[in-house]
Every structure is written in C-alpha cells, then in structure tokens.
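Please open the model in your viewer and keep the selection tool ready, as this tour moves from one stop to the next.

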Amino acid sequence: MSNSNNYDAIVIGGGHNGLVNAAYLAKSGLKTLVLERRHLVGGAAITEELIPGFKFTTFSYAISLMRPDIVQDLRLADHGMMVLPLVNTFQPGLNGDYLLLGADADANFHEIARHSREDAESIRDLSHLIDRVCFALKPLMDNIPPNAMSDEPVELAAMAGLKEYMAGLEPDVRTMIDKFVNCSAAEILEEYFESDLVKALIASSGIIGSKVGPRSKGSGLVWLFHKMGEYDGIFGEWGFHKGGNGGFTEVLAKAVMSFGGTILTDADVETVIYKNSVATGVRLASGDEYFAPTVVSALDPRRTFTQLVSSDDLPDSLIEAIGKYKFQGTAAKVNFALSDLPNFPGLENRKDIYMGFTNLGPSIDYLEEAFADCEAGRYSKKPFLDCCVQSTIDPDMTPPGKHIMSCFVMYAPYHLSESDWDTERENLGDVVQATIEEFFPGFGSLILHREIVTPLDIERIVGLTEGNIFAGELFADQMFLNRPAPGWNQYRTPIAGYYQCGSGTHPGGCVIGGPGKLAAQQILGDLKHEEG
Amino acid sequence: MPKTTAFHPRLEPLNETKVWKNWSGFLIAPQFKYSLTNEYYAIRSSVSLLDTSPLFKYRISGSDSIRLLERIMSRDINRCRTGSAQYTVWSDEKGFVLQDGVILRTDDFEFFLTAGEPTLRYFKAIAKEMKLEEVSVKDVSEAYGILALQGPHAHSVISQLTQDATDLKYFDLTHANICETEVIISRTGYTGDLGYEIWIPNENALTVWDALMAAGEGYNIAPIGTTALKMARVEAGLLLMGVDFDSSRFAWVDAQRETAIELGWSWMFRNLEKDDRDFIGRAAIEAEIKNKTSRWKTVGLEIDWHSYEAVHLDAGILPPKSDLYHETTMSIYRRSETPWDYAGYATSFLFSSLLRKPIAIAKLPLDLTDAGTEVDLEIPVIRKPVNVLANVSSLPFFVPERKTATMGGGK
C-alpha cells in the first residue's frame with residue numbers, strides 16, 4: 001500500500017463526536033483521517049433539502065450548547081458556528097389552556113401563576129437546586145471517569161476521590177442527586193407542583209429518547225441529563241444551529257480540515273485491522289485499507305465491539321455487558337414543510353409562540369398513556385410530540401413566508417409486537433398529523449411535504465443500533481462508570497490502539513461533544529505516555 | 001417629557017418589555033424582546049430594523065461647504081466622492097477628538113452629517129471665523145427620521161422596494177423612491193454587517209416603516225433596540241462616544257480627552273503628507289505621529305475562556321454569560337512580578353454569543369498593544385476583584401464578507 005494510506009489516527013464515523021475527536025487529534029499534530037460511510041458527514045446531525053428551499057433536520061434538530069471550552073479549543077466560531085437561542089417554550093393544552101414561557105423570569109412567574117401561584121414560586125426553587133446539582137456534577141461530566149474495575153493505584157485513588165467528592169457535596173444537593181437517580185420524574189414533580197401543564201412540560205424532559213414513562217424509575221435521570229446541557233435557567237440554553245444541526249457538523253468538518261485532517265465520505269469501514277490485540281488500521285467494504293496505530297470508533301458500542309472487531313477476540317465479560325447494554329430506540333421523527341404557521345385557538349397570529357420548543361403532551365397522564373402503548377409494543381395512538389418550527393428563528397431554513405416543522409415523536413418502539421415499520425411508516429405519519437390537528441385545528445391544510453423517520457430508518461440510515469438516538473439508553477446502569485461497560489468506560493478497548501468516542505461513551509448522548517473530546521484527551525495522554 | 005420619533009406609533013406596540021430610555025431627549029427602546037441575545041441575532045442571522053432618529057442631523061451646502069469641511073474635519077473631505085459617505089471625526093486644536101460621525105455627500109456641494117451631540121453653532125462659528133459667505137449649515141434633525149436596516153437579509157428586503165440600493169458599494173449612497181417617498185439610502189451601518197441606513201422625511205416615516213416591515217416578514221425582520229446594536233458594534237470594533245471615549249468639548253483635563261490616533265483612527269491620516277489642508281488640530285496630530293507621543297492605543301481584548309471559567313468555578317459559581325454587555329470601566333494590569341501593576345483600561349465588555357467568549361474594547365500603552373500580548377483584566381467575582389487572562393487582539397473581532405459586499409456583484 002502507498003504511503004498516502006498511512007495516518008497517525010483514523011476515526012470511524014463522521015458524526016459530531018467523531019468530528020470533535022478528529023479535530024482534537026488533528027490539532028495536536030496527528031495526521032488524522034475521518035471515514036464516513038454516507039455521502040455526507042454529520043451522522044444524526046444533518047440537514048437535507050428534501051424539496052427545493054426547505055431544509056429538513058431529518059434526525060437531530062436542536063443543540064444544547066456545546067461546552068465553550070470545545071468551541072474555543074477548536075475555534076468553531078471562526079468556522080461559522082452560530083447557535084440561535086430559542087425564545088419561548090409553548091405547552092398547549094387540549095382545552096384552550098396553555099403555558100407560554102420565555103426569557104424573562106418575572107413574566108414567566110405570572111404566566112405560571114395563571115395556573116398556580118405556588119408553582120410559579122416552586123419553579124424558582126427547583127431550578128436553582130437543579131442548577132446547583134448540575135454545577136456539582138459538572139466535573140464528572142467534563143472529565144474522564146475513573147475505572148471502578150481497576151486495581152491500579154491511580155484508579156483506586158480516583159474512585160476514593162470521587163466518593164469523597166460526592167460525600168462532600170451539600171446535603172440538599174446530594175439528596176436531590178439521589179432522587180434523580182432513584183425516583184421517577186413524576187415523583188419529584190409531585191413534590192413541587194400542582195399544575196398538570198407545568199408538571200407535564202418538565203416531565204417531558206424525563207422521557208426524551210428513552211424507554212421510560214414519566215412515572216418510571218429512570219425518568220428522573222433522563223430529566224437531569226437534559227438539564228446538564230444548560231445552565232442559564234430552567235428553559236435555558238437550547239438553540240437551533242444556523243442551517244440546522246447539519247450546519248453545525250459542517251462547521252466541525254471545517255475545523256477538522258483546518259487542523260490538517262482529512263475526511264473521506266462514501267467510505268464504509270468493514271473491519272478494524274488488528275493483530276495480537278494491537279490495532280493497525282481499517283479495511284473498507286470496497287477492500288481499500290488505511291493504516292494507523294490509533295483507530296477510533298465513533299459508532300455505537302454494539303458496532304464498536306461486535307462488528308468492527310470480532311467478539312471472539314474480546315473478554316467474555318465485556319461481550320456479555322455489551323449484549324445486555326440496552327438500545328431499544330423508542331423515538332421517531334415526522335417533519336413537515338408548511339405553507340404557513342399553525343394557528344392555536346386564542347393565540348391566532350402569534351408567530352412568537354413557535355420560536356422554541358412546542359411541547360404536545362399536556363399532562364402526566366397523557367404521557368403515561370402514550371408510554372402504555374410503547375410497553376405493549378405499539379406506537380402511541382396519541383404520541384408526545386416535541387415540535388420546532390425552526391424557520392421562525394432561522395429564515396434561511398425555508399423560502400420566505402414558508403415554514404419547516406420538525407416533530408420528535410414518542411413513543412415509537414423499535415420492536416413492534418404486531419407489525420413492522422415498513423408497513424407502519426405512513427400510519428405513524430397519520431397519527432402524528434392527527435395529534436397536531438387536535439391542538440392546532442386546520443394544520444393538515446398547511447402541509448406541503450411530510451417526511452417520516454421511524455426508528456428502523458434511524459438504524460438503517462444513521463447506523464444507530466435499534467434507532468436509539470443516544471447510542472444506548474441513559475439509564476443509571478449504563479452511565480458514567482458503566483458506559484458502555486464496567487471497566488471499559490475510559491475510551492480504551494481491549495485492543496491496543498483501538499478507542500471508542502461515540503455517544504455510547506461517557507458522558508453520553510445529545511449534541512454536546514463531550515465523548516469526542518474526552519476520548520481525544522485519553523488517546524493523546526496514552527500517546528505521550530508511550531513516547532515518555 | 002421626552003419627545004418621540006416619527007416611528008414611535010409603530011414602535012410602541014412592538015415593545016414587549018414596555019421599557020424606554022432617553023436618547024438625546026427622545027424615547028427609544030433599549031430592547032424590544034425579553035431575550036436580548038435573540039434580538040441581537042436578527043443582526044447576524046436574519047435582518048433587523050433600528051430607529052436612529054435621535055441623532056443630530058445637519059445639512060451643509062453651498063459652494064464654500066468643501067472649504068468649511070476641509071477646515072473642520074480631521075479626515076480629508078475631498079476623499080468623499082459625490083454619492084458616497086465617509087466616517088469622520090473632528091478634533092480641537094490640541095488634536096483631541098470633539099466628535100465622530102458619518103457624512104453623506106449627496107451632491108457636489110451638499111452634505112448630510114449625523115452626530116451624537118449638537119454641533120450647529122460650532123460649525124457656524126468656524127464658517128464665520130473663516131469669513132465663508134457661500135455656505136449654509138442647517139439643523140435638519142427634526143425633518144428626517146433615520147432607519148438602519150442591518151443583517152444578512154438587508155438586501156433581500158430593500159430590493160423588494162427599490163432597485164437603486166442594489167449596486168451600492170460599501171459606503172456609497174443614492175437617492176431613491178420608496179412608496180412614493182424620496183429617501184436617501186447609504187450602504188452603511190453601525191453593526192459590522194450587511195446593511196443600509198435610510199433617511200426618510202418625517203411626514204412619510206410610517207409609510208416607509210410599514211413597507212420595510214412587510215417586505216421583511218418572510219425574512220423574520222425584527223425591530224431592535226439600542227442594546228442589541230451596541231452588542232453588535234463591539235464585535236465590529238466600533239467605538240461609542242460617551243462609552244469608549246468622551247468629547248474633548250466638555251472635558252476638564254486632558255486625561256479625559258483622546259486623540260484620533262489613540263482611538264485607532266490613524267488610518268484617516270495615511271495620506272496626510274500629500275494634502276495641505278489646514279484643518280483644526282493638524283499640527284498637534286502631525287506632532288503626535290512624528291514624536292510617537294500617543295499615550296494609548298485602542299485595541300481588542302479576548303478574554304481567555306479557560307481563565308474566565310476557572311475564576312468563577314473556584315469561587316463556586318458559574319461564569320455569567322447570557323445577555324452580558326456592560327459599559328463600566330475595567331482595569332487592566334501587566335502580567336509581571338509586581339502585583340496589580342496598572343496598565344490601562346477596558347470600556348465596552350461583551351460576552352459575544354457569536355464568538356462564544358467575552359471580549360472588550362481596551363486602551364493600552366503602546367508596548368502592550370501587539371496582537372497576542374497577555375494582560376490581566378480585573379473582573380468582579382462575588383463582589384471581589386479578580387484578574388483573568390486576556391489576549392490583545394486587533395479590531396474588529398468579527399468581519400463577515402457580506403459587510404462590504406456589493407449586492408449587485410463586484411467588489
């Protein structure tokens with residue numbers, strides 16, 4: 001093979017974490033290659049012009065702000081990163097009632113007070129407490145976690161340090177962390193709120209992308225995880241990237257190339273090449289081979305440990321853990337091109353209500369019923385929808401005056417008990433449309449185009465196993481010390497030189513870049529150690 | 001009672017916050033929306049409309065107008081072609097800046113000037129002193145409203161109303177007709193983005209406002225207040241009188257005054273040796289250049305994110321960033337053995353949402369002004385002064401290509 005196929009590092013998968021990882025490696029001076037199976041980079045964070053002038057965020061549709069240190073380290077602002085803040089959160093009820101929250105705390109107080117004056121006060125206490133919880137957990141999110149399975153003195157010390165740190169937190173913060181881990185979102189919310197709309201709005205953060213209902217244990221932790229991405233307030237720092245989330249991964253690709261990295265698309269990696277448990281490169285489905293002493297998988301744990309390498313060459317305990325690791329995608333997307341904005345009875349002609357997340361799921365009971373369908377192996381008859389009309393924030397998403405509406409749909413279980421997704425695709429679209437119609441009469445007449453993305457489509461197109469948007473459930477036994485498996489939570493694998501950096505590693509899913517960055521930190525540390 | 005501008009009847013219902021402030025005696029909205037950052041992004045992502053009518057406006061005309069402006073303006077007025085605009089300053093005899101402003105040359109002997117403070121009597125006094133007969137200086141402040149249409153879609157909007165703005169080069173101007181109203185459009189602005197400023201006779205102000213808002217609807221046009229404008233101008237490296245410098249006119253001592261060169265405008269004097277204009281302050285400015293006696297240089301400061309975050313985390317709090325813009329003076333110190341070794345000061349401070357870091361406009365002694373020089377900036381952390389690392393940078397911080405683009409093609 002020619003020298004041109006030799007690199008210092010190869011990253012498999014051009015999703016956002018793969019790109020962040022590659023950018024850090026390239027920045028440190030490594031000759032870095034990113035191999036992406038599809039014709040475009042971005043993974044689940046892409047923007048596609050499905051009909052002329054209308055930009056669809058097919059999968060991932062919003063961004064919780066990337067850590068500013070990543071933005072600064074990779075100079076992403078210079079490459080065009082632009083996250084447009086969301087203005088409002090709109091939670092309509094089915095009885096003409098609604099909750100419309102915005103950027104002003106005092107205005108929000110009065111809006112919530114329409115439903116309950118005590119809730120309006122509670123939300124301030126709760127959000128301050130959650131901010132303090134996030135602050136306390138920040139070092140855990142921003143650093144490589146310790147290895148609980150290791151006897152190495154440095155790891156034992158790290159575990160002891162962790163215990164000490166957690167024990168040293170203020171009692172109310174520690175208690176709240178315990179609640180998030182051990183309670184359902186609904187249990188916690190019952191303590192603080194009486195209004196259904198308020199409870200449902202917050203509870204929806206606890207189910208996003210996960211096979212839990214608001215009353216299931218586990219929804220507390222999912223809720224907390226969705227708070228970790230922001231700090232500025234309750235409904236704080238989420239935004240739409242200019243040009244959709246695909247606009248963001250384009251920025252990352254520019255950053256990779258600006259540091260001298262190479263990106264190859266239409267490059268489907270079939271296997272990692274390794275011998276005697278030492279990685280030396282990769283082979284594509286086309287037969288082409290590329291060589292590097294460092295190979296990083298940005299794919300999910302199942303692909304990383306059972307497809308890119310042979311399970312036979314890995315420890316049984318790891319393969320067993322990966323076998324048990326839960327994907328079970330439960331979310332779908334239905335995206336619409338619209339001729340005009342929907343109308344909410346009572347708030348006609350209010351364009352601003354759509355400038356953010358529009359949350360269709362007006363009560364805990366509503367969400368719980370939607371989950372009951374999921375438990376039975378059906379998609380929800382009345383799904384929870386997280387809708388974004390991105391064109392109200394970014395006019396470049398559509399032709400002037402037209403709109404694009406991204407709808408995140410829960411629940412749509414990957415495994416259907418009595419049918420399959422190729423049969424049900426259009427039916428799912430109809431159910432979503434009918435649900436929106438109930439809240440926004442006349443919605444159907446606005447539709448110019450409809451795109452339906454089932455969990456099976458997510459798996460087929462993006463490659464995320466079972467369509468799980470986080471590359472594995474955000475459950476306590478799959479997080480931190482255990483993500484993706486106990487002992488293998490530090491981005492290394494049993495094969496020397498072979499690493500993992502996808503959302504299936506700590507800290508986990510969403511567009512936050514943490515896994516890609518921390519994996520790069522580990523890789524560069526190991527390389528330095530070898531040199532030294 | 002403050003006065004209201006001609007656009008007020010439209011602005012009043014659009015102001016979600018119902019907060020107004022006083023700008024030169026007129027009611028003006030600091031912000032229209034609760035989310036300042038969202039309002040700011042209209043300038044960088046879609047298109048914004050801003051009422052700058054409280055500016056003082058003067059019409060200077062007559063065959064002696066050139067002679068008058070040659071005398072008053074520190075920058076050469078002859079370099080401002082008919083049909084173009086010029087950013088300029090006027091200084092006192094000691095070379096200290098009296099004011100800055102934008103002057104439009106609408107005809108060979110007709111100029112329109114905007115200024116932050118009144119200057120009618122001063123200009124007239126100079127004309128009298130020079131015994132100029134053929135010049136008229138008129139205060140037309142209350143005859144015109146001015147709208148700034150700024151943002152990536154500014155041309156998408158204005159081109160629906162007139163084709164005359166399309167071929168304007170950066171800092172060109174044209175007469176145009178919008179909704180049967182004679183207006184002056186200049187390819188200028190205070191945001192560092194693509195944009196236009198439009199002079200509109202007051203009696204037709206609302207007609208033009210309505211036309212612009214209607215044309216901009218599909219592009220999410222948004223009215224913006226003065227705070228979003230100021231946030232954008234910090235990124236654009238544009239100074240603001242009363243914040244980054246003060247007029248020499250009402251200063252008590254020279255320590256309160258600054259020269260054009262100290263303020264970063266030495267480019268205005270690039271061809272000084274080639275002209276023999278006898279402008280006010282020339283001798284002092286020439287001496288300053290020759291003897292290198294500037295006390296300061298105006299530079300950008302990029303606050304190091306890691307340092308900014310660390311000083312807050314150490315104190316147990318999160319670094320503030322959202323909607324963070326202020327105009328209080330902050331001290332800058334040398335990074336040396338001597339603690340708190342005072343070097344200079346920062347004025348406008350912004351957490352730039354676009355650049356994802358805090359930035360500031362600063363004055364530093366000449367030995368600290370090379371790009372990349374490290375200094376300490378004093379910020380309050382839980383009410384205590386703390387130093388954070390900052391790097392000197394050149395201004396502006398942000399220059400998109402569209403800022404100076406000619407929309408009709410060509411550069």
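Is B:Ser24 buried or exposed, or does it count as something in between? B:Ser24 counts as partly exposed, because it has 15 C-beta neighbours inside 10 Å (20 or more other C-beta atoms within 10 Å make a residue buried, 12 or fewer exposed, and in between partly exposed, with C-beta atoms placed from the backbone). This is a predicted model, in which local features need pLDDT of at least 70 and side-chain atom pairs count only at pLDDT 80 or more, while totals for chains, interfaces and linings use all residues. To find your way, note that residues are numbered from 1 along each chain as its sequence is written, and that chains are lettered from A and ligands numbered from 1 in the order in which they are written.

Stay with B:Ser24, which sits in the loop between β1 (21-23) and β2 (26-28) of chain B (strands are DSSP runs of E with at least two residues, helices runs of H or I with at least four, numbered from the N terminus). Its phi is near 50°, a positive value in a residue other than glycine.

Most residues other than glycine have a negative phi, and most peptide bonds are trans.

Now turn to the peptide bonds. The one from A:Arg483 to A:Pro484 is cis, with omega near 0°, and A:Pro484 lies in the loop between α15 (455-462) and β20 (498-500) of chain A. In chain B, select B:Leu395 and B:Pro396, which are joined by a cis peptide bond with omega about 0°.
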